[in-house]
Amino acid sequence: MSQLNALLQDGGYVVWVLLVISVIALAIVIVKQWQFARVRPETNDGIEPALRLWRTGDRQGAIDALSDDEQFGSDIVLFAMRGRAEAGWDANGLQDEIERQGSLKLRDLRTYLPALEVIGMLSPLLGLLGTVLGMIDAFQAMELAGNEVDPATLSGGIWQALLTTAIGLVIAIPALAVFNWMDHKIQRVAANLDDAVTQVFTAAES
């Protein structure tokens, strides 16, 4: 605790801001990990068997197979199958509605990710701001000291100034790494969902 207090005192208010940002980033990562573990968006254990039935021409069997499936994207694929199997939907209108519903589901997966990206990009800049302000203070102190400058005091002021940049990088690197991992994961989910819906349309037209 004493080291933390010393760190906050040496780094100034910028360290306080970075500390708050790091807590927000950690909370976002925990929430997103829980969401991904609960939803399991890349799982397609229910969709793939239904698509096999659909490709063989057993439309009702495919629809029944997805009716009680609760995995991510099953409702979109089920809607596409029902739209193709039942009258009342033209292909273009059905595709537009499927795209709308899919966009809403993917938007839910992306919740809070933009904030994590902003934190990853903003943290180094805040750290650099703290360093610049610290260097200004150090050189002002050197100017006031005149010919009686103590090199140890100057070097101490410089390392304290560089401290905020280091903290900003420590926050930014894992934040951006997690953001990119989750963003790529969502892109794979979107590609899998698009592939499943495309199979519904192409199999129905063959």
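**Exercise 1. Determine which residues are linked with Lys185 in a network of salt bridges, and where the members of the Glu42–Lys185 pair lie.**

Solution. The network of salt bridges links Glu42, Lys185 and Arg188, where a salt bridge is defined as a side-chain nitrogen of Lys or Arg within 4 Å of a carboxyl oxygen of Asp or Glu. The model is a predicted one, in which local features need pLDDT of at least 70 and side-chain atom pairs count only at pLDDT 80 or more, while totals for chains, interfaces and linings use all residues. Residues are numbered from 1 along each chain as its sequence is written, and side-chain values use heavy atoms, with hydrogens and water left out.

Take the pair first: the side chains of Glu42 and Lys185 form a salt bridge with an N to O distance of 2.6 Å. Glu42 sits in the loop between α2 (13-39) and α3 (47-55) and Lys185 in helix α8, so this pair ties together parts that are 143 residues apart in sequence; helices here are DSSP runs (H or I, at least four residues), numbered from the N terminus.

Next, consider exposure, for which buried means under 20% relative accessible area, exposed over 50%, and partly exposed in between (1.4 Å probe, protein chains only). Lys185 is buried because its relative accessibility is 13%, whereas Glu42, at 28%, counts as partly exposed. Finally, not counting residues up to four places away in sequence, Lys185 touches Phe36 and Glu42, a contact being heavy atoms within 4.5 Å.

**Exercise 2. Identify the residues of the negative and nonpolar surface patches, and the elements that supply them.**

Solution. Patches are made of residues with over 30% relative accessible area and no salt bridge, like charges being joined within 9 Å and nonpolar side chains (Val, Leu, Ile, Met, Phe, Trp, Tyr) within 5 Å. The negative patch is formed by Asp90, Asp96, Glu99, Asp194 and Asp195, and α6 (91-109) and α8 (151-205) each supply at least two of its residues. Glu99 is placed in helix α6 and counts as exposed because its relative accessibility is 55%.

The nonpolar patch consists of Tyr13, Trp16, Val17, Leu19, Val23, Leu128, Leu129, Val132, Leu133 and Ile136, which together have about 890 Å² of accessible area, as computed by the Shrake-Rupley method with a 1.4 Å probe. Two or more of its residues come from each of α2 and α7 (113-145). Trp16 lies in helix α2 and is partly exposed, with a relative accessible area of 48%.

**Exercise 3. List the buried residues of helix α4 and name elements that cover them.**

Solution. In helix α4 (residues 59-67) the buried residues are Gly61, Ala62, Ile63 and Leu66, and their cover includes α3 and α5.

Methods:
Lys, Arg positive; Asp, Glu negative; His and termini not counted. Charge placed at Lys NZ, Arg CZ, Asp CG, Glu CD.
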